[in-house]
Amino acid sequence: MARALVLLSVVLVSLLVNQGRASDNQRLFNNVVIRVQHLHQLAAKMINDFDDSLLPEDRRLLSKTIPMSFCISDYIEAPTGKDEAQRSSMLKLLRISFRLIESWELASQILSRTVSNSLTIGNPNQITEKLADLKMGISVLIKGCLDGQPNMDDNDSLPLPFEDFYLTTEDNDLTKNFRLLACFKKDMHKVETYLRVANCRRSLDSNCTL
């Protein structure tokens, strides 16, 4: 009888610990979603403010050139829409999100200088800082998904080609700045979509919607 009570106690403690870990993981997931939503909103505001500051002829020029522009993140294989994202595993979505955020480590410093010179958003360094915080949170979630298993996807840590792409492009300053803002907004939208899909998939809320 005593032995049975001890075993029951061990089981109960184990369940409570696992529930606590699940709760902490859910809070972290919610936190990273909120962080990337803020970055996406910030990106949208920056590009809108930049567009408002343009002369009519500059706006017409950009409308012709930007749709053909290329972002460094286009080298990263990723789902092209919400439907494809929903067919991807949670771990894959987290890894792609991590890679996208990582691709902005250098570019965010250029973006901060662009913002500092042409727009007003408070502290321009907040972009780099917020990206670093988001990257750290996603990294913790990836480790949680692996649950002690080795990371077999070592290619995720390989450097992107042309990491200084946004510096070396032959665009003029106006086009370069707009491309930078447009790519940042596009990538934050991607990460927000992937993280929301992943979070909704693991959420205990059966009414979770995207």
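Mentor: Let's start with a term: a contact means heavy atoms within 4.5 Å. Keep in mind, too, that we're looking at a predicted model.

Trainee: Okay. Among contacts between residues at least 6 apart in sequence, what percentage join residues at least 24 apart?

Mentor: In this chain, 82% of those contacts do.

Trainee: And how many helices and strands does the chain have?

Mentor: The count is 8 helices and 0 strands. Read along the sequence, that gives α-α-α-α-α-α-α-α. As for burial, 39% of the 210 residues in the chain are buried.

Trainee: Let's take a helix pair. How do I read the angle between H6 and H8?

Mentor: The general idea is that angles under 35 degrees count as roughly parallel, and those over 145 as roughly antiparallel. Here, H6 (residues 126-146) packs against H8 (residues 173-202) at about 25 degrees, and their axes are 14 Å apart. H6 is therefore roughly parallel to H8.

Trainee: Which way is the crossing of H6 and H8, left-handed or right-handed?

Mentor: Left-handed. On the H6 side you'll find Ile127, Leu131, Leu134 and Ile138, and they meet Phe184, Met188 and Leu195 in H8. Sort the residues of that contact by type and you get 7 nonpolar, no polar and no charged.

Trainee: Which residues in H6 are buried?

Mentor: Residues count as buried under 20% relative accessible area. In H6 the buried set includes Ile127, Leu131, Leu134 and Ile138, the four that meet H8. Gln126, Lys135 and Gly137 are also among the buried residues of H6.

Trainee: How far does H6 reach from its first C-alpha to its last?

Mentor: H6 has 21 residues and spans 30 Å, close to the 30 Å expected at 1.5 Å a residue. Look just after H6 as well: Asp147 takes a positive phi of about 50 degrees there.

Trainee: Now another partner of H8. At what angle do H4 and H8 pack?

Mentor: About 155 degrees, with the axes of H4 (residues 90-102) and H8 9 Å apart. H4 and H8 are therefore roughly antiparallel. Their crossing is left-handed.

Trainee: Which residues in H4 meet H8?

Mentor: Met90, Leu93, Leu94, Ile96, Ser97, Leu100 and Ile101. Their partners in H8 include Asp187, Met188, Val191, Tyr194, Leu195 and Arg201. The residues of this contact divide into 12 nonpolar, 1 polar and 4 charged. Notice that Met188 and Leu195 in H8 also turn up in the contact with H6.

How values were computed
Residues numbered from 1 in each chain as written. Predicted model: local features only at pLDDT ≥ 70, side-chain atom pairs only at ≥ 80, totals over all residues. Heavy atoms only, no water. Axes fitted to C-alpha atoms, helices over the stretch in contact; angles between N-to-C directions. Helix = DSSP H or I, 4+ residues; strand = E, 2+ residues; numbered from the N terminus. Parallel < 35°, antiparallel > 145°, perpendicular 65-115°, else oblique. Left-handed = near helix turned anticlockwise from the far one by under 90°. Nonpolar A, V, L, I, M, F, W, Y, C, P; charged D, E, K, R; others polar. Expected span 1.5 Å × (residues − 1). Buried < 20%, exposed > 50% of the residue type's maximum accessible area, 1.4 Å probe, protein only.
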